[in-house]
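Subject: Structure for you to look at

Hello,

Here is the structure I said I would pass on. My notes on what was found in it follow below.

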Amino acid sequence: MKTASIGIIGGSGLYHIDNLTELDQIQVKTPFGDPSDTITIGRIGSENVAFLPRHGKGHTINPSELPSRANIYALKSIGVKQIISISAVGSLDINIKPQDMIVPNQLIDRTKARESTFFEKGIVAHVGLAEPFCPTLRKILIEGAENNGTKVHTNGTYVVMEGPAFSTKAESELYRSWNASIIGMTALPEAKLAREAEICYATLACVTDYDVWHDDFENVTVEMVIKNLQSNVANSRKILASILPNLPDQIKCKCNNSLKDAIISDLNNLDPKIVERLNPIIHKYI
Ligand SMILES: [Zn+2]
């Protein structure tokens, strides 16, 4: 099976990427079910890149149904060390305008119906999530967006809601009172799972609307999201095409050792079935 060191998870509107010389389409089986779709392995510059459309190519998987564990596990098992996630988000801040981009540095978890760990049923780990996104990869995304002439906000807090319905006004105002910057439905549990899998993870978020709090703007609708998404997606393709050829195989980063000291279970007495199930993630500690 072909491998890749860089993974791209494409959000709404981004179902393929530019300048990718396609090498293979692979279906990866995982102990956590099937990923969202087949993974396209291609080459940009000197590295192989794996592309996975988060909601499936026809956008058929809702945010609560996303097989995030299968997606991250599949990318890990084909050698991915860094994941760039592309997401459409709403803005909770007057200064973060539709069609801007933002590379968030913090998360607030408002999801409630998602499996968010690989460590269960006989093995327990507590990874650190104080900085939920990889600082090195964030810097690369910010520089890539700036070099592309895109208006990019260099930090902010991303509220991850369950969806699929959009927020109420009271919820939107609550998140604003928390000084949150943007709201979306997909960065979690991906960021937690990537940290457990020791993969660097960062999000390039494309702003499509002002959610529902801004009285001078219409409340968010799918039509509005799609209209702004088209220019955002074109922009994110350009940014990816400029970043990917120069992205090293492995960036030096503490994400790659996040399980060290995090597994609390006795590794010498694990059920062999668990060792087999989590092999791509824990093998270096066994
Ligand atoms: Zn990292």
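The largest nonpolar core has 82 residues, and Ala50, Ile182, Tyr201 and Ala205 are the ones with the most contacts inside it. Strand 11 supplies seven residues, the largest share of this core. Please keep in mind that this is a predicted model.

Leaving out residues up to four places away in sequence, Ile182 touches Val89, Gly90, Ser91 and Leu92, among others. Its contacts also include Ile96, Ile102, Pro104, Gly156 and Tyr158. Ala205 and Val207 are on the list too.

As for the overall build, the protein has seven helices and eleven strands. Its radius of gyration is 18 Å, close to the 19 Å that the globule rule gives for 286 residues, so the protein is as compact as a globular protein of that length. Taken along the principal axes, the box filled by the C-alpha atoms is roughly 60 × 40 × 35 Å. Buried residues account for 47% of the 286 residues. Among contacts with a separation of 6 or more, 82% join residues 24 or more positions apart.

Helix 2 was looked at in detail. This helix covers residues 135-147, and at 1.5 Å a residue its 13 residues should span 18 Å; the end C-alpha atoms are 18 Å apart, which agrees. Which of its residues are buried? They are Leu137, Arg138, Ile140, Leu141, Gly144 and Ala145. Seen down the helix axis, these buried residues fall within an arc of 160°, so they line one face of helix 2.

The buried residues of helix 2 are covered by several elements, including strand 5 (82-91), strand 6 (101-102) and strand 8 (152-153). Strand 11 (200-209) and helix 5 (222-243) are also part of that cover. Just after helix 2, Gly149 takes a positive phi of about 80°.

The C-alpha atom of His214 is 8.5 Å from that of Leu92, although the two residues are 122 residues apart along the chain.

Regards

Note on methods:
Residues numbered from 1 in each chain as written. Predicted model: local features only at pLDDT ≥ 70, side-chain atom pairs only at ≥ 80, totals over all residues. Helix = DSSP H or I, 4+ residues; strand = E, 2+ residues; numbered from the N terminus. Expected span 1.5 Å × (residues − 1). Buried ≥ 20, exposed ≤ 12 C-beta atoms within 10 Å, placed from the backbone. Arc of directions from axis to C-beta. Contact = placed C-beta atoms within 7 Å. Rg over C-alpha atoms; globule rule 2.2 N^0.38 Å. Core = buried A, V, L, I, M, F, W, Y, C linked by C-beta atoms within 7 Å.
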